[in-house]
Amino acid sequence: MSIHMTATFEVKQDALDICKQVIQEFVNAVRANEPDTLLYTSLQEKENPTHFLHYFIFRDEKARELHSNSDAVNRFTSILYPNLVAPVAFTEYIEFTNTQ
C-alpha cells in the first residue's frame, strides 16, 4: 500500500534563495535515486513565498525508509532545518479517492 505524506514549513526570509536551491537539488536527487518514491512535489505558497508544502508518495514502507535514511535527506535537512522559522510539520494520509 502506498504511503502519502505532506511536509509543511516556513523558511526565514533571508534564507529563501539558499532554501529554494537546496529544495531543487533535493528533488533532483530523489528523482534520480529513488524509483519507489512515486512522487515528490514541492509547492511554494503564492502569497507567502517563504511557506512550502511538500507532497510525496512512497510505494511502500521500504521506500519510505530508503528515503528517510538517504544521503540526500541528510544533506537537505542539514541546510534546510537551521533556516526554518519552526519545525517541519509532517502528516501521513490514506488515499480516499482521486481522478485517475
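Reply: Phenylalanine 76 is buried, with a relative accessible area of 7%; buried means under 20%, exposed over 50% and partly exposed in between, with a 1.4 Å probe and protein chains only. Please keep in mind that this is a predicted model, in which local features need pLDDT of at least 70 and side-chain atom pairs pLDDT 80 or more, while totals for chains, interfaces and linings use all residues. Residues are numbered from 1 along each chain as its sequence is written, and side-chain values use heavy atoms, without hydrogens or water.

Now to the rings. The whole structure holds 5 aromatic pairs; rings of Phe, Tyr and Trp (its six-membered ring) pair if their centres lie within 6.5 Å, and planes under 30 degrees apart count as stacked, over 60 as edge-to-face and the rest as tilted. One of them is a stacked pair of phenylalanine 9 and phenylalanine 52, at 5.5 Å centre to centre and 15° between the planes. Helices (H or I, at least four residues) and strands (E, at least two) are DSSP runs, numbered from the N terminus. Phenylalanine 9 is buried at 6%, and phenylalanine 52 is buried at 6% relative accessibility.

Phenylalanine 76 has its own stacked partner, phenylalanine 26, with 4.2 Å centre to centre and 5° between the planes. Because phenylalanine 26 sits in helix H1 (residues 16-33) and phenylalanine 76 in helix H3 (residues 71-80), the pair ties together parts 50 residues apart in sequence. Phenylalanine 26 is also buried, at 4%. Both rings belong to a cluster that ring pairs build from Phe26, Tyr40, Phe56, Phe58 and Phe76.

S3 has a strand neighbour too: S2 (residues 37-44) pairs with S3 in the antiparallel sense over 7 bridges, where pairing needs at least two DSSP bridges. A hairpin of 6 residues joins S2 to S3, and leucine 43 has leucine 53 in S3 as its bridge partner.
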